[in-house]
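Dear colleague,

I am handing over the structure below for your own work. The findings follow directly after it.

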2 protein chains.
Amino acid sequence: MKNFQIHIVVNSDTYLRDPNMSELGRKIVSESIEMIDELGFELFTFRKLGKKIESPECSIYRYFESKHMLLVYLTYWYWSWVEYKLVFAATNLNSTEEKLTKAIKVLTEPPKKDNSPPHINEFLLHRIVMKEGAKTYHVKGVKEGNQKGYFEVYKRIVQRLSDFVLDINPKFEFPHMLISTIIEGAHQQRYFAEHIPSLTDVGEGKDNITTFYTNLVFKVIEE
Amino acid sequence: MKNFQIHIVVNSDTYLRDPNMSELGRKIVSESIEMIDELGFELFTFRKLGKKIESPECSIYRYFESKHMLLVYLTYWYWSWVEYKLVFAATNLNSTEEKLTKAIKVLTEPPKKDNSPPHINEFLLHRIVMKEGAKTYHVKGVKEGNQKGYFEVYKRIVQRLSDFVLDINPKFEFPHMLISTIIEGAHQQRYFAEHIPSLTDVGEGKDNITTFYTNLVFKVIEE
DNA sequence: GCAAATATAATAGTATTACTATCATCTTTG
DNA sequence: CAAAGATGATAGTAATACTATTATATTTGC
């Protein structure tokens, strides 16, 4: 039972019409998450999505310029959501060490059921971002996308944790590299664990990823 | 002046006809490297490649089942080449520490001009693998691809360095995670440095990536 | 309560992509 | 020098990633 619901705001350059403002828009978002997770981003098409939600393909194009931009929207949403969880997780903690530990936990653990909006399955969205997230920037127009702010939240998260690192060790030279390495690394390891397990050490049942990266960060930044 | 040339063997499941055995095959490989680097993998097509090499599209399909499989071939080739460099780099070194340091250097530094086969521009190939490499496994058929051995060399490289790590600290629990994290991380950081610099700490002219990851590895594995 | 604005649906169409098929010709090689 | 194999020429297909046009709902502002 929850008496509040947070609203995630997404950069308006990622969409043509705000999908959060209409029934159809929310349906596009929620069903596309299911479908991308099921088919993978390559086999996912607006035509198939249209069929699933029983709306014509061209209606989807009124919300998103392309399926690539839909992916950009979804990952932006995801990172905003993670940012919210990071802020929330830091409250009532005193030391920067505790805050950093908690933040690494949020970034490296898979999501638990929580108060995300009802039309977003954040468990599936997490899987999508792990697998397809890099496709938002591994494209020709990265620089333009970066200028338009598609990655601003991601960058802010990296900055936030980098600041913790610098607070703990002001002389540490590579905080951004360290943080972006572990964020991407955690997603990657979780994906490998499922599909190419010999690239990881994730054993049966037990989840070492958070332990590994927490350890890594504190060992690397100590003077 | 070189009196020898090494020949990289690629898993024969990645191609229909061995592109290394004919003039046309080598042309397909060498020109596709230029073209994928120039256009990005999404905009690259066999039709455009056919036009460039003045051969019909269908001739290219006689070598590679799809453009995805061509990418798999190219990345396989790349990692085999890196493996060769790793073996070469380890000769005449006594301590495992030295070997590991050298290996990290090979894996994290951009390639220098060396004795790669004339039809392969390994500088461009390195850029392609940094940017597009993950697309070989971020697809629906990863598991089948893994079973067919598309990633066997990559896995062998991870194993090789993991063994160094375990030799230095036999109690270290997560060698594979550590090594695959730094290999992917190095590529990623180099890509970020060029396109989304605020995610890194790579400054003007100086290249910190190797320093960062070398430090990271030795700090993390120390008892 | 109704006109105007806006969103959606229905239908149709286009250029391009990712292939496949067929057959003729050219080049090896045993 | 014949047979096998590789390449070229030509053609074709289903699907993708869109766009355009017009009709029909639905919302909203006065």
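**Surface near DNA strand C**

In the surface near DNA strand C, at least two residues each come from α3 of chain A and from α2 (46-53) and α3 of chain B. Please note that this is a predicted model. Within that surface α3(B) has the largest share, with 3 residues. DNA strand C is surrounded by 18 residues, and the closest are A:R17, A:S55, A:Y63, B:E57 and B:Y61. Of the atoms of DNA strand C that come within 4 Å of the protein, 59% are accounted for by sugar and phosphate. By class, the surface near DNA strand C holds 6 nonpolar, 5 polar and 7 charged residues.

**Surface near DNA strand D**

DNA strand D has 18 residues around it, and those that come nearest are A:Y61, B:R17, B:S55, B:R62 and B:Y63. Sugar or phosphate makes up 59% of the atoms of DNA strand D within 4 Å of the protein, and the rest belong to bases. The elements that each supply at least two residues of this surface are α2 (46-53) and α3 (57-61) of chain A and α3 (57-61) of chain B. Here α3(A) gives the most, with 3 residues. The surface near DNA strand D divides into 6 nonpolar, 5 polar and 7 charged residues.

Two residues of chain B face the phosphates of DNA strand D. An N or O atom in the side chain of B:R17 is 3.0 Å from a phosphate oxygen of DNA strand D, and for B:Y63 the distance to a phosphate oxygen is 2.7 Å. From chain A, the side chain of A:E57 has an N or O atom 3.1 Å from a base nitrogen of DNA strand D.

**Relation of the two chains**

How is chain A laid on chain B? A turn of 180 degrees with a shift of 0.0 Å along the axis does this, with an RMSD of 0.0 Å. The two copies are therefore related as by a two-fold rotation axis. Of the interface residues of chain A, 100% are also interface residues in chain B, so the copies meet through the same surface.

**Largest pocket**

The largest pocket contains about 610 Å³ of space. Its lining consists of 30 residues, and A:E42, B:F41, B:H68, B:K135 and B:V139 lie nearest the centre of the pocket. Both chains contribute: α4 (67-90) and α6 (122-132) of chain A, and α4 (67-90) and α7 (142-147) of chain B, each supply at least two residues of the lining. By class, the lining of the largest pocket has 11 nonpolar, 8 polar and 11 charged residues.

**Cavities**

The count comes to 3 cavities of 30 Å³ or more. About 600 Å³ of space lies in the largest cavity. The largest cavity is lined by 39 residues, with A:A134, A:H138, A:E184, B:A134 and B:H138 nearest its centre. In each of the two chains, α4, α6, α8 (152-168) and α9 (175-195) supply at least two residues of this lining. The largest share of the lining, 5 residues, is that of α9(A). The lining of the largest cavity has 24 nonpolar, 12 polar and 3 charged residues.

The second largest cavity has a volume of about 80 Å³. Two or more residues of its lining come from each of α4, α5 (96-108) and α6 of chain A, and α4(A) has the largest share, with 4 residues. Residues that line the second largest cavity include A:Y78, A:W79, A:V82, A:K85, A:E122 and A:H187. By class, this lining has 7 nonpolar, 2 polar and 3 charged residues.

With kind regards

Terms used: Residues numbered from 1 in each chain as written. Chains lettered and ligands numbered in written order. Predicted model: local features only at pLDDT ≥ 70, side-chain atom pairs only at ≥ 80, totals over all residues. Heavy atoms only, no water. 1 Å grid on protein atoms, 1.4 Å probe; cavity = no way out; pocket = protein on both sides within 12 Å on 5 of 7 lines; lining within 4 Å. Points joined across faces, edges and corners; volume = space filled by probe spheres on them. Nonpolar A, V, L, I, M, F, W, Y, C, P; charged D, E, K, R; others polar. Near = heavy atom within 4 Å. Polar contact = N/O pair within 3.5 Å; in protein donor to acceptor, adjacent residues only side chain to side chain. Least-squares fit on C-alpha atoms with pLDDT ≥ 70 in both. Contact = heavy atoms within 4.5 Å.
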